[in-house]
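Here is a friendly walk through the model on your screen. Have the sequence and the 3D view open as you read.

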Amino acid sequence: MGYELTIEPLGQTVTVDDEQTILDACLRAGIWLPHACCHGLCATCKVQVVDGDIEHGEASPFALMDFERDEKKTLACCATLQSDVTIEADIDEEPDAEIIKVRDFEGTVSRIEDLTPTIKGIWIRLDEAIHFQAGQYVNVSIGEHGFSRPFSLANPPATGTEIELNVRIVPGGVGTAWLHNELHVGDRVKVAGPYGRFFVRKSAQSPSLFMAGGSGLSSPRSMILDLLEAGSDQPITLVYGQRVKAELYYHDEFTALSQQYPNFHYVPVLSSEAEGSDWTGFRGFVHDAAKAHFGNDFRGHKAYLCGPPLMIDACITTLMQGRLFERDIYQEKFLSAADAQQVRSPLFRKI
Amino acid sequence: MNMPITPQKPAKKLSLKDNYNLLTRGLGWETSYQDMDKVFAQDKFEGIKIHDWDKWEDPFRLTMDAYWKYQGEKEKKLYAIVDAFQQNNGQFNVTDARYINTLKLFLTGVSPLEYQAHRGFAMVGRNFRGTSARIAAQMQAIDELRHAQTQAHTISHYNKFFSGLHDPTHMFDRVWYLSVPKSYFEDAMSAGPFEFITAISFSFEYVLTNLLFMPFMSGAAYNGDMATVTFGFSAQSDESRHMTLGLEVVKFILEQDPDNVPIVQKWLDKWFWRGYRLLTLVSMMMDYMLPKKVMSWAEAWEMYFEQNGGALFNDLARYGIRMPKYHEVASKEKHRLSHEAWATFYNFSHAAAFHTWVPEESEMKWLAEKYPTTFDSLYRPRFEHWREQQQKGERFSNGTLPMLCQVCQVPMFFTEPDDPTKICFRETTYRDEKFHFCSDGCKDIFGNEPEKYVQAWLPVHQIYQGNCFRPGTDPTAPGFEPLAEVLQYYGFHVGEDGGEYLGSLDARNWTQWTGKPAVAE
């Protein structure tokens, strides 16, 4: 069951389970609310209830005073929902974020291609176009298994009737195995979306740097195609890494784009390409290539990261040492229960 | 007459952030008839470069009018509970009167720091050019004053029943072990505004405060002291603000200019070690002074510093900041710190305003479990020896005065990082004078600013120089007893305030008033 929680000023709605706290639901949906102690003592996560009924839970009487309870304030870390609720929280407004309601879509598989030995491109023609922001993802129902898996949309929003998913097969993964082995052209598929708060900060009018690796190319590709189609004249750089040349899918497309658009710079990088191959590009990791390309100075950029956790971590460190900080670094974050239990310092909020 | 109706869309409600900005930084201005550099004369000399105060991210968004309302409500609640505690003689519900000695040490050693923090933040709030930072510091200054006041009420209550709490402010400026917290804070307050806020908001409030607060508050709860627990809740809602301020300060300084990084690193090194040495007092509270123990010092250090602090410094590494220097020494010392400290206070208990005692057999068993590599082999024999002496009516006390470290002012009882049986001595010569230190950490701090630390007011030196007697005292008079005179100068009630717990006035009163044994079973 559960109730719907709307978070102002974002206007975004998330579903909250009966026993789930507001804070937990928001963090899992990728919405960062200020918080610290997580058990009702410090009041960092205080929010205003605009509409609906909540239960205050274990909030300390010192952290949430009686007069505040009268004013319909509550602590997100303890509060649970008793009805559909709207809260107002201390969240920075994002002028570039579109609030798009999540919907269910159906479509037919129109094309399947091997992009690399382990990644398939799957195209689905939807019965009705999906409106989304480049960088967002959809949940794909895995046939009769009764669960779904998230995949970033690899196509730009302009081609919204036919969506493209790039799916890397995960060893032992039921969902990706099904998509790779049991899905065929002509099959009917259900998807829900769009989800996520990963999007280009266009209004900042600043150069953007995309760092992608592994199967993390989908969102950056969608974002870059979207920017170029919209006629952006800001410098756009893609630093894109794989292990070997055979895995560097869409290499030819980006090479062509960099010739077509003078403001688009393409920096491919391979970490394990055989010595003596005909590869003339950068060898090493994405963060090394970015550091070399920018001379260790990333100031003035907006950086968008997508890829495996180790790559993300190395990229953040490199960016910060090149004087680009949290406020200008963006990444898609999928939080799991295991992440919440990790010992993490609260030094950074989003990264 | 018909007014033309022009339907106007109401202005969009301001976000909390915009609203807060208007009520804080929106109230600041660039001075015109005085140079800004003259108005804020102290925010440059430390070498910290700030290019854009607007990049300051407010760690919390609390405006002054809301602040008063919240704090007023908190006070009402807190005093209602404290009143009820007093009316019900809550002080007699604690485990036994040994517990009160933890409070005595906290209330005489830490409560005056709350007042010092009030002064320090008032100073910082005056000196920062950025309006938001000034307002955050101003609120914290008022918080700290509130905490100091609240604790003064606690002191006043416990003072009616137990010894040693009759004049904490007088003692704070004189007593040897209280010079440890006092000099720590004065070191911070006599630095520039950026060093002060890094030292107190970040190194202390953020990195180390859990080690002070958690054991103290949990210790109070375990031992039935509900007044202190309530104070803890009331203060924690402020502390979280103070901690987020500490984080923001350090991020902000580090992001503003790469030249700030080495300066901040030096401060983190210094203030980690200063804070850690101060926590020596907490280690013995946890392992020896709480009749019912919460966790051992070693466990607390592992959880709050090695784990949580480690995660923090992992993140800070992205700014080019490394773990504070000598953190590994602190980890080596964690299995001996409290034992060495308590033994020293046992030695000099007659010159302290709280009692000491040999741990009970059950406590020694707990200590042996918590410290399997050190307690039975290194520390138990000494306690057993002292217990035997005491049973023969020869309770040991040390008639001489200890040598103090020039920087942390703790008696030099710490042992070599790699040899817990050998006292650690370090020394250096500055302008033909020799100075002594308890550790490489303190020696380095001295080496970086010798002009500052040669001025330290070291209680033992001052006694030997004859500066710790009451006016009119004649040290040449026949039968003059220097120690007794020093204790008079401290304002102690000699024979009541310090010394052995068993048989003390506190212990006798406890049994008489409560009918319970002086040492709980």
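## Ground rules

Two residues count as in contact when their C-beta atoms, placed from the backbone, lie within 7 Å. This is a predicted model, in which local features need pLDDT of at least 70 and side-chain atom pairs count only at pLDDT 80 or more, while totals for chains, interfaces and linings use all residues. Residues are numbered from 1 along each chain as its sequence is written, and chains are lettered from A and ligands numbered from 1 in the order in which they are written.

## Around A303(A)

Not counting residues up to four places away in sequence, A303(A) touches L209(A), M211(A), F298(A), L319(A), L324(A), D328(A), I329(A) and Y330(A).

In the largest core, of 184 residues, M211(A) and A303(A) touch the most other members. Helix α9 (residues 193-222) of chain B gives the most to this core, with 15 residues. Helices (H or I, at least four residues) and strands (E, at least two) are DSSP runs, numbered from the N terminus.

## The sheet in chain A

Six strands of chain A form an open sheet with parallel pairing, in the order β17-β16-β15-β14-β18-β19. β17 (282-283) and β19 (329-331) of chain A are at the edges with a single partner strand each, so one side of each has no neighbour in the sheet. Strands pair if DSSP finds at least two bridges between them.

Strand β18 (residues 302-306) of chain A pairs with β19(A) in the parallel sense over three bridges. Y330(A) in β19(A) is the bridge partner of Y304(A).

## Where the chains meet

The contact takes 28 residues from chain A and 27 residues from chain B. On the side of chain B that touches chain A, α10(B) gives the most, with nine residues.

## A look at V124(B)

V124(B) sits in helix α5 (residues 111-127) of chain B. Is V124(B) buried or exposed? V124(B) counts as buried because it has 27 C-beta neighbours inside 10 Å. Leaving aside neighbours within four places in sequence, V124(B) is in contact with A137(B), P193(B), F196(B) and I197(B).

Key. Core = buried A, V, L, I, M, F, W, Y, C linked by C-beta atoms within 7 Å. Buried ≥ 20, exposed ≤ 12 C-beta atoms within 10 Å, placed from the backbone.
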